[in-house]
Amino acid sequence: MKKFRVLLVLCGMVLWITGCPTSVGENLSINRDWNSLITYITDYNLQTYVPIPSTGEVPVSVVNRGDLDVTVVWRDHTGANLPSLAVFQADTVYRAEIKLIPRAGYGFDPSIPFAYHPGKITSQADDLGDPTRTVTVTYNNSNDADITFITDYNLQSYVPVPIASERPVRAVNTREDMTVAAAWSVQNSPGSDAYSSIDTADSFVFELGAVYRAVIELKTKPKYRFSSTKNFTYTDGSHIEPDGSTTDPDIRKFTVTYLATRAPMKINDYNLTAYLAKPMSGTTAVGFLAAPQYTGTVSWRNTLTQAVLAGPFQYGTAYTAEVTLTPASGYTISGVGGTGGIGQDVFIHTGAETVTNPAGSGVVTIKFPATSNAPSPIVVYDTTLTDRVPRPVSRATPVMSFSTTQYRGTVVWRNTGSNAVLIGQFQTNISYTAVISLTALPGYTFTGIGQNVFTHAHASGIVTNAPNSSTVTINFPPAGPFTHSAMSFGPVGAENSALKLMTELKDNNNPVAIGLPGGEEEVVIPNTVELLADYNSPTNITIDGGGRVLKIQEAGALITVRNGITLTLLNITLKGMDANNRALVRVQSGGRLILGNGAVLDHNTVTAADSAGGGVRVEGGELVINSGAAIKNMTVTSLSGSGVFGGGVLIVTGDFTMNGGIIQDNKVSGGDGSGGGVALHRSGSIIMSGGSIQDNEVEYGRNSAGGVAISNGTGTFYLRNGSIKGNKNNMDSGVGAGGVIVTGDFFMSGADAVIEGNHLSGSVSSGAGGVYSTYGAFTMTDGTIKGNTVAGQGGGGVYAKSFTMSGGIIEGNTVTNGGAGVYLVSNSFIMKGGVIQNNGGTGAYGVYIESTSGAPSTFKMSGTAKIEGNPVFLKGNATITIDGILSSPAPAARVKHEDVSPSSGSTIRLLQASTEDLISGTNLKIWYEDGTSANTHIGIPYDVGGVWYANYKP
């Protein structure tokens, strides 16, 4: 029999699990004796048990809890014991000898000491032979009682994550509890350990794709203290290193290294109806609105007279609201660098006559119809509070405010027994009372509401409110500890299978590390697992599967990552089914999925009428794939023939970062804008810094790509390193690519960025083997596009309308007809560097420049640009311009015009930048096939047809 020991860490609880199943049907169980299982005490803040002395208060001498018992002996400054029932005197120093005795099944973590107000503990020790702790505390004086502990330990609350084009937070001095200072630096080069300080100017903004580091110092203000039992975290996965340069207990200092900056997301919440009320006679105008993606200031005018509104709205009058929106952190309205902004007139308001905004602008003009009398308010009828005020659970942070469509609420939590106001988190086995103050929203009232009409499913007794009152009181039973119902791992398909553990995560809001016992047998999951952060507090969850295979049993997503959750998967395989209707994992708005080493999403067959993904569907959240992860063997089929589908990954809106791993052997049948490997539907970004998207396929699709498709929205693709290779696209109609199709902007950089061996075939009106880009701009500074093919006309390597190339290689691509290297249509190709070489095919050219009527195309060459092999072909009124010194060895290019048999005196389409020599003493020369040459200006008469060489010669 194999034996092992596994340490399972769950939010402070440490369990030793022994034994191993000898067969599929044998259970693993937990031995509950003192030596094999101890539940560690989780609260090491002595102030939880023994309050600081306060003048006039009676000393606490005995505390009985579910996990331990506490006895206290008090002495004054002379060393004399305090008499029974004596009260603390002003300006007196006291000492307490505190003995903490764990109850059966509990014990102290030997690595964690007890803490109090900094500097007060004078000694503490374990009693030999006894699992108790004795702590001696000396207090400064009995007036030092109004200390408040910091409750928010998410660093992102103080210093937001760097977002491209946003300014860094350098200092925060307006908080009541602490001051914040941040010193920023930027990584000198990718992968480097060296960082340099950033510009201190207020105008500085973060650059896209850069890696930043911040040294953050937090300093408490008077009457506030840090908890000694809590650690600061970042919810986005940034790396935090505590700084040990200070021992001051009122200062916390950290060095935070962030992930590469991403572009801000374009806002997509365009409906202003819920945020701005329609004018009603007698009501007061709203001057400010707030939404998750933006805030806005509102100014009102009389539509007819344009007079600024003063006072309430008048009856029978039409008003115009001018709303100036400011995007929230991580969002953009105007875009970045003049691109990616919102469209014109995208906002709506159901109560307005017209709503207008310029493209890329957050200034929105809303014209409303003439006002009518405000209707009589409706008595509040939404009286269920279960989902608004979650029940107390040990170590959870209480909800302090909430809102519904009828009212807003603020909550004050009190200890039911002592009536003391709760500060911090809920504690085990203590009963709490929530006193809720409600404020009716416009159109609603509490006048007329009945007595005790509110309900809460977890309340202890009746939820109370007086008639016509907006104050609600809820008494709860004692807060239970956070537990997992699956504390043993049963056989395949058993009710207590390992993954039942995951279903309990929704009850916890603290970081969780789960280790599943190793094994290769499949564990069948009966239905979807939703991971969500209760209590409005972010949750980081890491699951190391130990090689386990987890398989969905019923149609749907195996895991849904909700707002506030960051889920990291390691060493685990998630398997789908042959007849599914959802991706294996859904990442909703505000959620984040990280696939790490050993995380594999495998075999899911999805059939859907609308947009779908096979492996992951991102719905406003974020996906990160790191080295050692894989998404493979997914099949997605469109029932309707329309919709956007991603074989491996579909991003409806959101961000995808690929640092490593592989997306392989996925397939999409049908759809419009589909990607065999990855598809981005509406808005967001794809940043690829490593890994491979390979051997994926689209069949019978439109406007699609075998590898990566951004073909229906304004998403941006950054290919910094990694490969897109061996993908296929057999199209039904429209345009497409074997490798990549992008309707937004595409940036290709990095010597190891490769687009290789992709193939396009089928009924193609235009397309590319490698990259198809006809709406946004394609910029290539490095990398390789090679060995891609098109079975028809198009661009073997690149088909584009706006292409700038300053480095890299485009080689060995083929087409049946067109531009084997590059096909440019009706716009511009600026080539400042790089090489286009050895591209071919029947009737193919190295570069094919096409101009349609009224839309001339221009090809500009300069610098180290060089085209070898097949010549440049100019079609229609296309031109080539040499607008700088060509420093590559001659010839830089061979140029051929559509008119291959010119009559004497006709003009070739070879132009220079002006009618003057570009450089003093240097002429642009045309080298004919027969070796003769001629100095040139704009018009070049010739009587020799065929091909010309173009280059600068001294």
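A residue is called buried when its relative accessible area is under 20%, exposed when that area is over 50%, and partly exposed in between. By this rule, buried residues account for 50% of the 954 residues in the protein chain. The structure described here is a predicted model, and the values below were computed from it. The protein chain holds one helix and 78 strands. Among contacts with a separation of 6 or more, 72% are made by residues 24 or more positions apart. The protein chain exposes about 39,200 Å², of which carbon and sulfur atoms supply 50%.

In soluble globular proteins, nonpolar side chains tend to be buried together. The largest nonpolar core in this model has 77 residues, and within it Phe717 and Phe829 touch the most other members. Phenylalanine 829 is in contact with Phe803, Met805, Val822, Leu824, Ile836, Val847, Ile849, Thr858, Phe859 and Lys860, when residues up to four places away in sequence are not counted. Another core, of 27 residues, lies apart from the largest one; Tyr153, Ile240, Phe254 and Val256 are among its members.

Aromatic rings were examined next. The whole structure contains 30 aromatic pairs. One of them joins phenylalanine 803 to phenylalanine 829, with the ring centres 4.8 Å apart and an angle of 10° between the planes. The pair counts as stacked because its planes are 10° apart, and the cut-off for stacking is under 30 degrees. Phenylalanine 803 belongs to strand E65 (residues 798-811) and phenylalanine 829 to strand E66 (residues 814-837), so the pair links distant parts of the chain, 26 residues apart. Both phenylalanine 803 and phenylalanine 829 are buried. Ring pairs also join these two residues with Phe717, Phe746, Phe778 and Phe859 in a cluster. Elsewhere, arginine 213 lies over the face of tyrosine 195, at 3.9 Å from the ring centre.

Side chains of opposite charge can pair when their charged atoms come close. The count of salt bridges in the model comes to nine. In one of them, the side chains of arginine 175 and aspartate 177 meet at a distance of 3.0 Å, N to O. Arginine 175 is partly exposed because its relative accessibility is 26%, whereas aspartate 177, with a relative accessible area of 12%, is buried. A salt bridge is also found between arginine 388 and aspartate 382, at 2.9 Å from N to O. Here arginine 388 has 24% relative accessibility and therefore counts as partly exposed, while aspartate 382, at 17%, counts as buried.

The salt bridge between arginine 592 and glutamate 622 has its closest N and O atoms 3.1 Å apart. Arginine 592 lies in strand E38 (residues 592-595) and glutamate 622 in strand E41 (residues 616-625), so this pair ties together parts that are 30 residues apart in sequence. Arginine 592 and glutamate 622 are both buried.

Positive phi values were found in residues other than glycine. Serine 165 has a phi near 75°. This serine is located in the loop between strand E10 (148-149) and strand E11 (171-172). Because the relative accessible area of serine 165 is 37%, this residue is partly exposed. For asparagine 419, phi is near 65°, again a positive value in a residue other than glycine. Asparagine 419 is placed in the loop between strand E27 (407-415) and strand E28 (432-440). With 46% relative accessibility, asparagine 419 counts as partly exposed.

Serine 704 is part of strand E50 (residues 702-705). The relative accessibility of serine 704 is 0%, so this residue counts as buried. With residues up to four places away in sequence left out, serine 704 touches Gly673, Ser674, Val698, Asn729, Met731, Val735, Gly736, Ala737 and Ile741.

Notes:
Residues numbered from 1 in each chain as written. Predicted model: local features only at pLDDT ≥ 70, side-chain atom pairs only at ≥ 80, totals over all residues. Heavy atoms only, no water. Salt bridge = Lys/Arg side-chain N within 4 Å of Asp/Glu carboxyl O. Buried < 20%, exposed > 50% of the residue type's maximum accessible area, 1.4 Å probe, protein only. Helix = DSSP H or I, 4+ residues; strand = E, 2+ residues; numbered from the N terminus. Core = buried A, V, L, I, M, F, W, Y, C linked by side-chain atoms within 4.5 Å. Contact = heavy atoms within 4.5 Å. Areas by Shrake-Rupley, 256 points an atom, 1.4 Å probe, with all protein chains shown as cover. Phe/Tyr/Trp six-rings, centres within 6.5 Å; stacked < 30°, edge-to-face > 60°. Lys NZ or Arg CZ within 6 Å of the ring centre and 35° of its normal.
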